[in-house]
Amino acid sequence: MPEFSWEETLYLRRHYVGKSCQLHFGISPLKITKASKQYMYDDKGNEYLDCINSVSHVGHCHPHVVAEGQEQMAKLNTNFGFLSDEMSIYAKRLVETMPERLSACYFVNSGSEANDLAMRIAKFVSGMDGIVCIENTYHGNLSSLIDISPLKLKRLGVEKKDHVHILPCPDVYRGKYQEGVDSDPGTLYIEEAEAMIAQLVASGRRIAAFISEPLLTHAGMIVPPKGYLKRIYSLVRQQGGLCIAVEVQTGLGRIGDVWWGFQSQDVIPDIVTVGKPLGNGHPMAAVITTQEISAQFTEFASTFGGNPVSCVIGLAVLRVIENEKFISSAHNVGKYLIEHATALKEKHKIIGDVRGMGMWIGIDIVVDRVSKRPSRLQAEMIAYRMKQKRIIIANEGPSSNVMMITPPMCFTCENAQRLLKALDEVITDVEGDLTAASDDRRLTNFSYYDFIDAERVNVPVDVLVLTAGEAAEREAKRELNEDALPLENKYVRLQAGDKYPPVDRYEALD
């Protein structure tokens, strides 16, 4: 494989990769060339602490997982239709982590494929087509899943289809019912869901399934109030529907103490879907359901789902989780992170809320704590400045203002201390920038160039960038709304005729 410079790689990407394929740190993206455990390395050899990569569940390039995959790849990798010790053993081992009634596996290649199959099973078995989901959630990249992903529908400006029914997001911090405002917000969310489902039934709508993460990642790292999912499951089952738990982000011990996120909510789903963490970066996913449901679903095939290499890798991941005690580690390190991040909240007024479980944590960045208005601008400033300190974080939620902390499971308390120290320093700087000039927080000498690598900018050379003060002023006037494009697209203006520096070396492509 030829090696290209950062500029050449960016040039090729801009010309041959779809424009909607987004990059982390889009103004000044990293070129990552290798990774190990909880660390990633760029093309200059700089080491970054990875605080977001839940895909590499047990750590980047874990030697046991890599070795098992390499050995099996040299031995056999074939499609479905043959007896395979690897598949049979892996299916048995995977269901042993589940409640007893969930004991039938289907293997596929991605979380999206798993969610699509789960919906197909629910519709086939129930004989109905209605899908109940939660506001601001996202369930995958297939057309059938965009239809039930309110977050994507909103961003695309697309109306929901008649068979899709959306419950309010049970956000007790910023939602319709809030802690400290309403006496019992959890009960109010449950009562509203009850009323909506009763209305559906009265109008003759039939529910095939309720689909939800146990903890709502894309909605802004939302932990549902106690008893919420349990009541929704009961309501849906009363109407003959099935309950689907999406464990793509929360499964395999990430939340600490238990294997699966749904166990923290005291529910047992009818169908569970798992994706990213199963293969530690290898493309594999699974659907687990009951034997009774499986017996009714008569038509399924996946050409490469459950191939021997994937199953061996999956077994290796389960083995590492157990041998290295990652579930208890997630509990302990996560507890440390949440406690100390909450302490930072007392120091920094732009931290509105800290929430989560285990190594699934959200830090909500706000304009102020009274209005709780999300601050996309400050959240993105924090992300870029953390990058300067060689720490990778990302922002999630409908307003992209919730700092998501979902590192590989080998993340340690020492890593947590480094993250928290850097976060304290960065937020102090950001708060200072936003108050130094005047009471209206308008800055005059601050722009992206203060916290990016000026030699590695993913925009034309003579770009004009709004200062943070101009951006904050426009945002305050609502000229920039919270649901607009990412920061790099909102605040960057290009001069007519700008061109990216030409690339001269193409012979390595031949």
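Reply: Of the 510 residues of the chain, 56% count as buried (under 20% relative accessible area; exposed is over 50%, partly exposed in between; 1.4 Å probe, protein chains only). This is a predicted model: local features need pLDDT of at least 70, side-chain atom pairs need 80 or more, and totals for chains, interfaces and linings use all residues. Residues are numbered from 1 along each chain as its sequence is written, and side-chain values use heavy atoms, without hydrogens or water.

The chain has 16 helices and 17 strands (DSSP runs numbered from the N terminus: helices are H or I with at least four residues, strands E with at least two).

Start with Ser 54. Its place is the loop between strand E3 (47–50) and helix H2 (63–73). Ser 54 counts as buried because its relative accessibility is 7%. Setting aside residues up to four places away in sequence, Ser 54 touches Gln 249, Arg 254, Pro 277 and Thr 406. With Gln 249 there is also a side-chain to side-chain polar contact of 3.4 Å (N or O atoms within 3.5 Å; within protein, one able to donate a hydrogen and the other to accept it, with sequence neighbours counted only if both atoms are side-chain atoms).

What does H2 meet in helix H11? His 64, Val 65, Glu 68, Gly 69, Gln 72 and Met 73 of H2 are in contact with Pro 308, Val 309, Val 312, Ile 313, Ala 316, Val 317, Arg 319 and Val 320 of H11. These residues divide into 9 nonpolar, 3 polar and 2 charged (Ala, Val, Leu, Ile, Met, Phe, Trp, Tyr, Cys and Pro are nonpolar; Asp, Glu, Lys and Arg are charged; the others, Gly among them, are polar). The axes of H2 and H11 (residues 308–323) come within 9 Å and cross at roughly 160° (lines fitted to C-alpha atoms, for helices over the stretch in contact; angles run from 0 to 180 degrees between N-to-C directions). The two helices are therefore roughly antiparallel (over 145 degrees; under 35 is roughly parallel, 65 to 115 roughly perpendicular, the rest oblique). Their crossing is right-handed (the near helix is turned clockwise from the far one by less than a right angle; anticlockwise is left-handed).

Now a lysine in a helix. Lys 387 lies in H13 (residues 376–388). Is Lys 387 buried or exposed? Lys 387 is buried, because its relative accessible area is 8%. Its side chain reaches the backbone oxygen of Ser 28 at 2.8 Å. Beyond its neighbours within four places, Lys 387 is in contact with Phe 25, Ser 28, Leu 30 and Tyr 48.

Another lysine, Lys 372, sits in the loop between strand E12 (360–365) and H13. Lys 372 is buried too, at 14% relative accessibility. Its phi is positive, about 60°, although Lys 372 is not a glycine. Leu 252 also has a positive phi, near 60°. Leu 252 lies in the loop between strand E8 (242–246) and helix H9 (261–264). At 0% relative accessibility, Leu 252 counts as buried.

Asp 171 is in the loop between E6 and H7, and is buried at 11% relative accessible area. Its side chain reaches the backbone nitrogen of Arg 174 at 3.1 Å. Asp 171 is in contact with Tyr 177, Tyr 189 and Ile 222, leaving aside neighbours within four places. Asp 171 and Tyr 189 are 18 residues apart along the chain, with C-alpha atoms separated by 8.9 Å.

Tyr 189 belongs to H7 and also takes part in the meeting of H7 with H8. There, Tyr 189, Ile 190, Ala 193, Glu 194 and Ile 197 meet Tyr 228, Arg 231, Ile 232, Leu 235 and Val 236 of H8. By class, that contact has 8 nonpolar, no polar and 2 charged residues. H7 (residues 185–202) and H8 (residues 228–238) pack at about 15°, with axes 10 Å apart. H7 and H8 are therefore roughly parallel. H7 passes H8 in a right-handed crossing.

End with a contrast. Lys 161 is partly exposed, at 44% relative accessible area. Lys 161 lies in the loop between helix H6 (150–156) and strand E6 (164–167). Its side chain makes a polar contact with the side chain of Asp 147 at 3.1 Å.

Key. Contact = heavy atoms within 4.5 Å.
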